Amino acid sequence: MATTLPPTITTPEKLPTYAGGGNGIGRLPGGELRALADRPPEPARTGIWVALAGIAMMFAALTSALVVRHGSGNDWQNILIPRILYWNTAVLILSSVTLEVARRRVAGYIRREGVRRAQAMQWLLVTLALGLAFVAGQYLAWLQLRAEGLYLPTNPNSSFFYVLTGLHVIHVIGGLGGLLRVMYLLSSPVPVLRKSTMDATSYYWHFMGVLWVYLLLLVCFAL
Amino acid sequence: MSEAAVHHGPPQTFLRKYVFSVDHKVIGLQYYGLALVAVFIGMVLSWLMRFHLVWPNAAIPGLQLLSKNGAPSGVMTPEYYLSLLTMHGTLMVFFVLTNAPFAAFGNYFLPIQIGAEDMAFPRFNMMSFWTTMLAFVVLISAFFVPDGPPISGWTAYAPLSAVGKDAGPGLDMGQNLWGLSIAIFCVASLLGSLNFIATTLDLRAKGMTLMRMPLCTWAWFITACISLLAFAVLLPACLLLVLDRVAGTSFFIPAGLQISDHMQPHSGGSPLLWQHLFWFFGHPEVYIAILPAMGIVSHILINSMRKPLLSYKVVIGSMMTIGFLSYMVWGHHMFLSGMNPFSALVFSFPTLVITIPATILTLIWLGSLYGSRLQITSASLFALGFISMFVSGGVSGFFLAQPSIDIYLHATYFVVGHFHLVMGVAAIFGVFAGTYFWFPKMTGHMMNETLGKVHFWLSFVGAYCIFMPFHYLGLAGNVRRYSSFVDDFLQPLLPVHKFITISAFIMGAAQLIFLFNLAYSRFWGPKAPDNPWDCTSLEWTMPSPPPWNNFGDVHPVVYHDPYQYGVEGAKDDFIMQTSPEQVKTMVR
Amino acid sequence: MAKLFAVTIVVIAILSAIPIVMNYWGPPEDISTHGHGIDEQLKDTMWEAGISFLASQLILAAFIWQYSGRAKGAQLKTFPGGAKGLVVAAFVLVGTEILALGVIGQKAWAAVYFAPPNANAMTIQAQAGQFAFYFRYPGPDGKFGTPHADKIDEGNQNFFGLDPENDVDARDDIVSGELAVPVNKPISMLMHSKDVGHSFYVRELRLQQDFVPGLDLTVHFTATKVGKYEIVCTQLCGLGHYNMKAYLNVLSQDDFDKWMKDKASQ
């Protein structure tokens, strides 16, 4: 069964190659140890995807709740979607476009490719304005619903409408906060804005747009 | 060293050092302290409950001070029993079992074990703790509102939890505070998971591949992934519940309910919807409670056996499989709920299948003990005790996984025995093992081994005395969540309850030994060496306690997986992860 | 200490098994037609669980005994077969159990939930509310009157909110606080909740089912032995949950007819 082999310990002259169970992640051609430090990782990039996964899951849960609630009672009463929602959608999508332009300008500025900081800042300001317009537009949509007598508890459709749009707009406001933070960091005399921060903020904002399109479709077809 | 991590300078003020600290070690200790407070409260609540069950008409001196209405002259009312039951469950599941094995130890040791300076987002980390603390304060405040805490259990089934005070005391302000507290807890948890995942993926030191991380780090990572998706479902569920309560919506409340002579002004909602949402979170939650303990126990066991486990990859694969399957089984809490009976069979299958990775883990632990060189310490005793408890608790799960048997055993003490053995004992044993193991590193002092062993013996025997009889009660059909046992068929079971209650008091008293040991050793325990257990992972390369910036200017480089034990011929029988020595294993 | 621990584990394992083996506190006798399937499952699972439990604890104890207190240079060994063998063992052992118990055991579940309703079943309506069960029989006309939740008036014993003045069918409905059934008669029980979630549990019938507000469900059972059995609520429903109970009174056909006549005249 078991026999003892004399132990072998070698103390090599140079740095050894991998010992033990490596899976080769990041293995460089010469087999050297993965130099994580040579290419600093950007936690903001991983972090934003993780955060978006969580947010997506929350809206997935609400979608299931909607489906189940639809089937559980016989009080489903389709509501008329306020037309302003379509305008708001356009505004939000446009803001993603302007943010993408801003993001590339910021990247150019950080990499010192001759982009002036003011150029980047302008596009960020436009995005911010469009974002605020979206929020205001959503509020107007709510007012329109109220004018039709559709409040939060009126029927399950109105309940879900307010909950879904409300949670979405709260996250958009969070995204506006992120934009403000990026603008603050960008405006600092010493360069402190990291590309990963800018990228993460952008991905978040774009996700808010994608999520909104999904919610719009859900609201139009199901509510 | 990772440049992208937020560098923070050494904390200067008292507030920065001990209160609003961004240092993951301080935050880990803060989580541990919060869990300690929560478990103490939860334990006292369980004493009150057990006392009342056996002596329902006896006055508990002083209880009237906590609640005038709930315990007039110290005699607990049935509704107050349910309030205490709800708070016991809520505190234990959320503030103890999610906090201690995961947030506390994970925050403290995950960055160190992967060689990082701190978590990826230290300020989010600080926010995560203080948000948890806020959730705790909001929950505890339910004790102090006039009607007391809610009476709907930690599971808060609708419509009981959703209709408001017509359905009973505590269901007004108390339930609102519960809903708010749990929602806040969800946010805190999501922030925490974010940090764990980003840190593990991005901040590993040079040479620290994923396959060289300690098993506890893997467990924390997998738990964070599960936690991210689970709490993201509980949050909107709590929101919808609160809306039903305060805004007149009807997500969970159907039409035609007459409660306390009032027709309820709701219609169309589905009580089953709450159950689906809750258990979709609730089942992964129990694996969130147990996985870190599995990781911690594996790590400690290897160190105590002076020999690696039979397969590192199989253990990781099993933990991942458990995490994945945990999302497919939630319906096994709902076999008799009125959902389509065909669904019961659908949910039963993955519930039974999850036994496979759990069995693999148990067999690996047992099989690795074979031929080892087991060292007995307080930490290893609790780790071995974990295996015993996990087997005991897991085996009863096999009954409950079958819908036909569940017809008889659902909502009996059999279920209570099952989940207490796996969560209330096994997971807690994991926390105890981790405490005895890592206390020297965290504080620079050794805990008293004699007191530790006494604590272990009383806890191990005590836990079996309390929770094994629960299964017998369940087989006799003893229904759970009863504040008194008035039914005819329950009378012959009262002596068993008495035995359990007395065991509970003894085991509870044993925990005071642990508390004393913690407090005393913190200040007057013998000084701890850097590596008292001859352990190989990165935390043992640092001074005890570690400095504020962990590795300082010496960036660790890792050459091995953390389980290089059984190395003969070397000065010691182990090789540190940071040692460049090449070895051949001596295990044959 | 290690050897003492090993012995303790064995002692605890054996002590835990004794009450099961000696059946000190077990399920009461089964008085249902479907219950034997459940009892068989329970017995088979107990064998499997008991063997797994005892084997695991004994192996744990044995290894703790054998491999603690060894000298520093002691030979370290690998378990024969290593991890792969154990993984295969897990799959085989658990897989067989799942097949035997889980798959084949579906029959017991199906007997309760998928059995076609019996043509000559007697229909009874059960209503659960905070904190009592009430049962309603359709009376000689064989029809249930319409219940109205807003007409429920417990003070006046109108538990189901019936409107006998305007509803012909309701006039001969028989309402009772106890569930009386003839022995060996298939029963079809309609379950309705008046307020929050409750559950119907009769141990001897091997029957348990939640009352879900907003969802009217039916359970089927046949009681095979005369006697009085407790019905208890098992779904937390408020402060009176512990006290919420009724009796299942299984009577011979003659006695049941007498009971019905009695109730009708009240």
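Predicted model: local features only at pLDDT ≥ 70, side-chain atom pairs only at ≥ 80, totals over all residues.
Visitor: How many helices and strands does chain C have?
Guide: Helices (H or I, at least four residues) and strands (E, at least two) are DSSP runs, numbered from the N terminus. By that count chain C has five helices and ten strands.

Visitor: What radius of gyration does chain C have, against a compact globule of 266 residues?
Guide: The radius is taken over C-alpha atoms, and the globule rule is 2.2 Å times the number of residues to the power 0.38. The C-alpha trace of chain C spans about 95 × 40 × 30 Å along its principal axes. A compact globule of 266 residues would come near 18 Å, but chain C has 26 Å.

Visitor: Which element supplies the largest share of the side of chain C that touches chain B?
Guide: Residues are in contact if their C-beta atoms, placed from the backbone, lie within 7 Å. The contact takes 88 residues from chain C and 93 residues from chain B. Several elements of chain C each supply at least two residues, including helix 1 (2-21), helix 3 (82-103) and strand 9 (227-232). The largest share, 15 residues, comes from helix 2 of chain C.

Visitor: In what order do the strands of the open sheet in chain C stand?
Guide: Two strands pair if DSSP finds at least two bridges between them. Strand 3 (174-176) and strand 8 (217-222) of chain C each have a single partner strand, so they stand at the edges. Pairing is mixed, and the order of the five strands is 3-2-1-5-8.

Visitor: Which residue is the bridge partner of C:R136 in strand 3 of chain C?
Guide: Strand 2 (residues 132-137) of chain C runs antiparallel to strand 3 of chain C, and three bridges join them. The partner of C:R136 is C:V175.

Visitor: How many residues of strand 7 of chain C are buried?
Guide: A residue is buried if 20 or more other C-beta atoms lie within 10 Å of its own, exposed if 12 or fewer, and partly exposed in between; C-beta atoms are placed from the backbone. Across chain C, buried residues make up 41% of the 266 residues. Strand 7 of chain C is mostly covered, and its buried count is five of five.

Visitor: Which residue in the turn between strand 6 and strand 7 of chain C has a positive phi?
Guide: The two strands pair in the antiparallel sense over five bridges. They form a hairpin with four residues between them. The residue in question is buried, with 28 other C-beta atoms within 10 Å, and is C:R206.

Visitor: What is omega for the cis peptide bond that joins C:Q130 and C:F131?
Guide: Most residues other than glycine have a negative phi, and most peptide bonds are trans. C:F131 is found in the loop between strand 1 (122-129) and strand 2 of chain C. Its bond with C:Q130 is cis, with omega about -5°.

Visitor: Where is B:P159, which a cis peptide bond joins to B:A158?
Guide: For the bond between B:A158 and B:P159, omega is about 0°. The place of B:P159 is in the loop between helix 6 (122-140) and helix 7 (173-202) of chain B.

Note on methods. Residues numbered from 1 in each chain as written. Chains lettered and ligands numbered in written order. Contact = placed C-beta atoms within 7 Å.
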